[in-house]
Amino acid sequence: MKKEKVMGTKKWFYWVSIGTILIIIYKFFDNFSGIGRWLSNLLSIVAPFLTAILIAYVLYTPTKKIELCLKSTKLKHTRGLSIAIVYILAIALIALIMKFIIPVVVSSVSDLVNNIQGYYNAITADGLDSSFAPWIKDNVLKPIVDYIQAINFQEIFTPDRIMTYLSSAFGAVKSIVNIFIAIVCSIYVLAQRESIVKFIDNLAKACMTKNGYKRFTRYFGNGNQMFFKYISSQVIDAFVVAIITSIAMSIMGIKYSVMLGILIGLSNLIPYVGAIVGVGISIIITILTGGWQKALIMAVVVIILQQIDANIINPKITGNSLEVSPLLVIFAVTVGGAYFGIVGMFIAVPVATLIKLMIEDFIRERNKEKIVSNSDE
């Protein structure tokens with residue numbers, strides 16, 4: 001006897017899922033504040049495990065490549081060795097950033113804030129009122145200067161305050177334990193990745209019909225490739241852009257070149273919008289610290305570097321680009337940023353690509369069904 005199937009899943013699984021969803025919806029509206037607290041507590045409980053999955057996801061490729069290299073040497077326990085090597089390298093990279101990069105950036109920001117009034121006075125005395133549009137000074141530069149001046153940077157970044165911020169950020173014992181749990185769990189995820197994937201695959205196969213399982217494997221596989229390729233390539237590209245921009249600005253004698261290079265590199269993580277914002281802020285800071293001529297030269301050089309990155313470096317790192325129109329990218333980034341902040345803007349493109357793939361498959365299947373039904377008539 002053939003089992004009944006609904007929406008690509010076995011009938012019992014479909015109705016159990018529908019009933020569970022209805023109960024959740026009812027309880028959600030019946031006790032809104034209680035559900036909110038429950039979800040908040042649940043999220044705080046599973047946060048270390050979600051962090052572990054994210055860490056394992058980022059470190060998967062280097063771990064896999066090192067493991068393949070070690071296998072060629074006929075060493076034993078190659079997986080454990082590869083995981084240990086990757087974690088040692090990751091810790092060393094974080095230590096180098098903390099030792100060399102962060103102090104430079106903090107020093108640059110401190111110097112900029114402490115000398116902002118002097119930069120402003122110098123540029124306004126340098127003929128801005130007579131030789132350039134006065135409204136730029138009043139409506140662009142002055143509000144920025146006033147806002148920065150209102151920040152008491154010395155109080156914010158005193159050693160005692162920094163220690164307080166670090167203590168608050170890690171939340172003393174609980175946060176330290178959560179970080180430890182996340183690291184340990186990420187090691188287990190990397191070590192047992194085949195078993196985890198096989199369990200998910202078997203669960204999907206048991207709960208879904210043949211067609212539903214095929215769709216699941218298609219979207220799961222494509223989604224994994226899209227997310228991993230996009231996120232890893234964008235992070236690498238951000239490092240490359242930060243380095244070459246910092247070097248170019250240093251050669252041009254731009255003040256705070258390392259800070260501005262890192263700013264432009266990080267802003268490059270956000271498609272379209274981020275690059276414009278990063279370059280715009282850098283131009284304003286260079287106008288204040290070096291004048292219009294230097295800012296104009298810097299803008300031209302950075303725009304050229306951005307074009308080289310967009311047309312040569314990024315495609316080499318990313319490989320085949322995700323097939324999403326610029327309009328959809330901007331829409332996805334806007335929606336992602338509105339609901340999920342910076343993280344939402346960062347992952348908006350692969351999410352939009354996966355949704356686009358699902359919609360295209362739905363349209364294709366519906367059109368095939370219509371063609372079949374029309375031919376039968």
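Throughout these legends, a residue is buried under 20% relative accessible area, exposed over 50% and partly exposed in between (1.4 Å probe, protein chains only). The model is predicted, so local features need pLDDT of at least 70 and side-chain atom pairs count only at pLDDT 80 or more, while totals for chains, interfaces and linings use all residues. Residues are numbered from 1 along each chain as its sequence is written, and side-chain values use heavy atoms, with hydrogens and water left out.

**View 1. The chain has 14 helices and two strands.** Helices (H or I, at least four residues) and strands (E, at least two) are DSSP runs numbered from the N terminus. Of the 377 residues here, 29% are buried.

**View 2. Helix 9 spans residues 193-207.** Its 15 residues reach 21 Å from first C-alpha to last, close to the 21 Å expected at 1.5 Å a residue; that expected span is 1.5 Å times one less than the number of residues. Look for Arg-193, Ala-204 and Cys-207, which are buried in helix 9. They sit on the same side of the helix because they cover an arc of only 80 degrees around the axis, taken from the directions from the axis to the C-beta atoms. On the face turned away from this buried side, you will find the exposed residues Ser-195, Lys-198 and Phe-199.

**View 3. One aromatic pair is counted.** Rings of Phe, Tyr and Trp (its six-membered ring) pair if their centres lie within 6.5 Å; planes under 30 degrees apart are stacked, over 60 edge-to-face and the rest tilted. Phe-216 and Phe-220 are stacked, at 5.6 Å centre to centre with 25 degrees between the planes. The two lie four residues apart in helix 10 (residues 210-252), so about one helical turn separates Phe-216 and Phe-220. Phe-216 is partly exposed at 24% relative accessible area, and Phe-220 is partly exposed at 42%.
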